[in-house]
Amino acid sequence: MLNQNNPMIVQTDKTILIETQNQLYEEVRDEVSKFAELEKSPEYIHTYKITPLSLWNAASSGMSCEDVKKILYKYSKYDIAQNVLVDIEDIILRYGKIKLLSKNGNLIIKCEDKYILKEISSNKSLSKYILRNMSPNGLEIKKEYRGEIKNKLLKLGFPIEDLAGYISGANYNIDLKERTSTGEELNLRNYQKDACEIFYANGSEKGGSGVIVLPCGSGKTITAMACMSKVKTETLIITTNITALRQWKNELIDKTNILPDDIGEYSGEIKEIKPITITTYQILTHRKSRDESFIHFKIFNDKKWGFIIYDEVHMLPAPIFRVTSEIQAIRRLGLTATLVREDGMEDDVFSLIGPKKYDVPWKVMENNGWIAEAKCLEIRVQMPESIKMKYAISSSRNKFRIASENIKKKEVIYNLLKKHNEDNVLIIGQYVNQLEDFAREKKFSLITGKTKSIQRNKLFNDFKNGDIKVLVVSKVANFAVDLPDANVAIQISGTFGSRQEEAQRLGRILRPKSGDNKAYFYSIVTTQSREQDFASKRQMFLTEQGYKYYIENYEQ
């Protein structure tokens, strides 16, 4: 029964408007985010968009078109246009209509709809992938193109359900310990168990490839190790940087029965291939010039891998997608706090790594105490008279940098540090000159991309141990840095409107805290500037997750 007190309006272009002041807002937000993507988040009305990819992710998680319609009917103020309902049904039913199967060692595209099959076989751009027509309802394809054809068909509006199975890889017996090396009892949380079971799917072809989406600080690494204990095979782990690589190694030694000598590091410093090998996106995409090949891609064939883990999969560089398309017979797990990609390649993650298998809203995790309760505050500062003319005549890009490096931000930082003088504070920024100037002035420790890994690890450890209370970091700390006691983050500049960066930076302080389990995230923004415009875009993903940004104008 439609009700004008409901908070939702479904428009004919498949956008959904949700009133944030309605008492049902949070309930509706959590339901709608299962099958739609947040597009805009001003104060009173949030706009979501139903897209083919959002519906196919929903379908892969088990949602039917009836489930989607039920939610729309339940919360909509007004009647829903028939074309919207028909389109939703048409799109969501496409998932699973085309299946990829293995038969006698061959790969077969199977589809009961002869017209769709004819459309595929007649498409000239797909002809190089097809070996022969297996009438009445199948096409045999070349094994080496398993990933590419999935990707091509997805872009044509035909998502394939890949049920062709996987190679076993070389056996390696991996188990989680009952206790960590410090004697702490090791128990998986319920959501970690659920994520692992859904991904593994009892070892069947219905599992084994996909993405687990969990907030920063909620234990994605231990969830991945639980998946490793199910697969029990030689594993390649790819992560974002050398610090994350070393953290993975320490975690594996601490929480699994894997022997330290069986864990290899493949980095700029060491080139080891072991049963469990950890490498970085940077080393894999290194080449001497743009015209040369990626010399380290050979790592994908150096062992009989049965499992590949892509840490922070939303950061997966475009060149790795090509390799991923060639290794579709290997089980693949993507880990991330957000599937948002600023390059728009979410569909490549879907087709080449796999669909979203498990997702938990951040606020649900917070309400259960699994991550810290975070307060987000945007502090707006005025632009000094001395730079207003320079700002006025600059290009759009330079306007952003001028506003980001506003000297008046320093005073705000000093006041926040006085307020949080007993806390563990990260000061995070985009521009190294700005960070160096601030760190030099206050004699704070600084980590940038230029900091040697030995010094970087020492500073991270000093911060963890409480020997230093304030750490200034560049964007190198955006990802996979384990700083469990950090409870305050002050963001003084960022990468334009990057939603994923905003989420990752908040994630640095979300690990559960002793005591009140609270964290504080401050963004200092120059008011009425390009930086303020981008700040609104940066906040969109976190707004979708239920976070509210409180605005405060700084009075000088």
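What follows is a walk through a few strands and helices of a predicted model.

Some ground rules come with it: the model is predicted, so local features need pLDDT of at least 70 and side-chain atom pairs count only at pLDDT 80 or more, while totals for chains, interfaces and linings use all residues. Residues are numbered from 1 along each chain as its sequence is written, and side-chain values use heavy atoms, with hydrogens and water left out.

Strands here are DSSP runs of E with at least two residues, helices are runs of H or I with at least four, and both are numbered from the N terminus; two strands pair if DSSP finds at least two bridges between them. β1 and β2 (residues 15-19) run antiparallel and are joined by three bridges, with valine 10 sitting opposite isoleucine 16 in β2. Axes are lines fitted to C-alpha atoms, for helices over the stretch in contact, and angles between N-to-C directions run from 0 to 180 degrees.

Five of its five residues are buried, so β10 is largely enclosed by the rest of the structure. Buried means under 20% relative accessible area, with exposed over 50% and partly exposed in between (1.4 Å probe, protein chains only). In a regular strand the side chains alternate between the two faces of the sheet. In β10, Ser209, Val211 and Val213 point one way, Gly210 and Ile212 point the other way, and all are buried. β10 also has parallel partners: five bridges link it to β15 (residues 331-336), where leucine 333 faces glycine 210, and three bridges link β10 to β16 (residues 356-359), where aspartate 359 is opposite valine 213.

Helix α12 (residues 346-353) meets two other helices. The axes of α2 (residues 52-60) and α12 come within 10 Å and cross at roughly 30°, and the two are therefore roughly parallel (angles under 35 degrees count as roughly parallel, over 145 as roughly antiparallel, 65 to 115 as roughly perpendicular and the rest as oblique). The crossing of α2 and α12 is left-handed, that is, the near helix is turned anticlockwise from the far one by less than a right angle; clockwise would be right-handed. Leu53, Trp56 and Asn57 of α2 make the contact (heavy atoms within 4.5 Å) with Glu346, Asp347 and Phe350 of α12. By class, that contact has three nonpolar, one polar and two charged residues; Ala, Val, Leu, Ile, Met, Phe, Trp, Tyr, Cys and Pro count as nonpolar, Asp, Glu, Lys and Arg as charged, and the others, Gly among them, as polar.

As for α11 (residues 318-326), its axis comes within 9 Å of that of α12, crossing at roughly 25°, so α11 and α12 are roughly parallel too. Their crossing is left-handed. Here Phe321, Thr324 and Ser325 of α11 meet Asp348, Val349, Leu352 and Ile353 of α12, giving four nonpolar, two polar and one charged residues by class.
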